[in-house]
Amino acid sequence: MGQPLNVGVVGCGAISAQYLATIDRLPGLRLAAVADLDPGRAAAAVAAWPGTPVLPAADLMADPGVDVVLNLTVPAAHAEVALQAIAAGKDVYGEKPLAANSADAARVLRAAEAAGVRVGCAPDTVLGTGTQTARKAVDDGLIGRPVAATATMVTAGHERWHPNPDFYYVPGGGPLLDMGPYYVTSLVTLLGPVTSVIGAASRLRGKRTIGSGPRRGEEIPVSVDTHVTGVLVHDSGALSTLVMSFDAAATRAPNIEVHGERGSLVVPDPNHFDGVVQLSAVGDAGWRDLPDSAGYVAAGRGVGLADLAATPAGEEPRASGTLAFHVLDVMESLLASAASGAAVTVASTCERPSPVPLLAL
Ligand SMILES: NC(=O)c1ccc[n+]([C@@H]2O[C@H](COP(=O)([O-])OP(=O)(O)OC[C@H]3O[C@@H](n4cnc5c(N)ncnc54)[C@H](O)[C@@H]3O)[C@@H](O)[C@H]2O)c1
């Protein structure tokens, strides 16, 4: 694999620990420095790696010892931080969504192309054995021609556990932009790009109450729809039905099902790397588990960055900016359709990322 990629982490909040653990165990990645608007938070995040430089973000980006900026800030800051990294000549890999809106995301991709640097974006969970085994089952023809999929994510709201949940309830958040990237990226991986959408959305209440941490009991405003439904029309002709909600208690619906002319698949939670894929062919009495047959084994958040590090120059990494842009465009189009009441054509497209063979990290 050659020299490891030196990673500078910007944004050291709740999710950063999972990335730091992955960087620590993968030989292709090396932690070079960290930054956060709150330097104390950055220092606390690297307490287990003494000597890791804690820098202002601008210094981290200017540091020649940093090859790639790992952008783990809140969605509203994703574009600004990515553009700063690109201006400093660095590759950038970020948390989802690629930006809070597709106009900002387009600016990021244009700047990266002009600067000759690469952009990667979460989710990389879909590179794990769960979604990849399901994708191989589809590609191998186990369900015949895919006809439809359903994707369901419901929760009563992340403010019940996240100590600073404000970003979930402003543009760039909401159930669709927060959790939708996992589901839409999985659906694009399984069934290919989306050409048009029909959406509908609602909002249960205008305020949420923080349920944990020092701000417990504080009310925060809600400025986005918190229950979003819709239909995605894939270029292949397959139709995916989506329900993304912060307004419901629980569900017994599978995270994702894919139906084909000869069988149906249960696809594991796309917010996790692994899980059991189940198949029921037409005429079968029940479901049978499929063994893991593709995907990064025992993966963790950051494997998409390792995948980018291992991607030869000039080739698109699997968790690419182009894919993340299409996913954001699909989600934004769904919200536009919900607002207008009319179907919306999705302007962007992308290639299905190349499949991941069964690979131990
Ligand atoms: N929390 C989770 O379980 C989770 C899971 C998957 C993905 N994510 C994604 O990860 C990202 C971060 O989520 P989080 O839960 O860690 O949020 P968080 O609020 O806990 O942490 C974000 C951190 O970024 C810092 N920050 C914000 N703007 C900055 C800037 N301009 N420069 C430097 N630092 C800046 C904040 O000070 C904060 O420490 C989001 O995009 C979220 O969707 C979170």
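Visitor: Which histidine has a side-chain N or O atom 3.1 Å from an oxygen atom of the ligand?
Guide: In this predicted model, that residue is histidine 78, where an N or O atom of the side chain is placed 3.1 Å from an oxygen atom of the ligand.

Visitor: And how much of the ligand does the protein bury?
Guide: On its own the ligand would expose 830 Å², and the protein buries 88% of that area.

Visitor: Which pocket is the ligand in, then?
Guide: The ligand takes up the space of the largest pocket.

Visitor: Which residues come nearest to the ligand?
Guide: There are 24 residues around the ligand, and those that come nearest are Ala14, Ile15, Asp36, Arg41 and His162.

Visitor: What does aspartate 36 do with its polar side-chain atom there, I mean how far from a ligand oxygen is it?
Guide: A polar atom in the side chain of aspartate 36 lies 2.6 Å from an oxygen atom of the ligand, and for arginine 41 the corresponding distance, again from a polar side-chain atom to an oxygen atom of the ligand, is 2.7 Å.

Visitor: What classes of residue make up the shell around the ligand?
Guide: Sorted by class, the shell contains 13 nonpolar residues, 5 polar ones and 6 charged ones.

Visitor: Which helix gives the most to that shell?
Guide: That is H4, which contributes 4 residues to the shell around the ligand. Helix H4 covers 75-87, and both this helix and helix H7, which covers 174-191, supply at least two shell residues each.

Visitor: What about domains, which ones does the shell draw on?
Guide: The shell around the ligand takes at least three residues from domain 1 (5-121), and at least three from domain 2, which is made of two stretches, 129-293 + 321-360.

Visitor: Which residue has a positive phi although it is not a glycine?
Guide: That is alanine 298, whose phi is positive at about 50°. Alanine 298 is also in a loop, the one between strand S16 (296-297) and helix H8 (303-310).

Terms used:
Residues are numbered from 1 along each chain as its sequence is written. This is a predicted model: local features need pLDDT of at least 70, side-chain atom pairs count only at pLDDT 80 or more; totals for chains, interfaces and linings use all residues. Side-chain values use heavy atoms; hydrogens and water are left out. A residue is near a molecule or strand if one of its heavy atoms lies within 4 Å of it. A polar contact is a pair of N or O atoms within 3.5 Å; within protein, one must be able to donate a hydrogen and the other to accept it, and residues adjacent in sequence count only if both atoms are side-chain atoms. Accessible areas come from the Shrake-Rupley method with a 1.4 Å probe; for residues, only the protein chains shown count as cover. On a 1 Å grid over the protein atoms alone, a cavity is a set of points where a 1.4 Å probe fits but cannot get out, and a pocket is an open set with protein on both sides within 12 Å along at least five of seven lines; lining residues have an atom within 4 Å of a point. A molecule sits in a cavity or pocket if more than half of its atoms lie within 2 Å of its grid points. Ala, Val, Leu, Ile, Met, Phe, Trp, Tyr, Cys and Pro count as nonpolar, Asp, Glu, Lys and Arg as charged, and the others, Gly among them, as polar. Domain bounds come from an automatic or database domain assignment.
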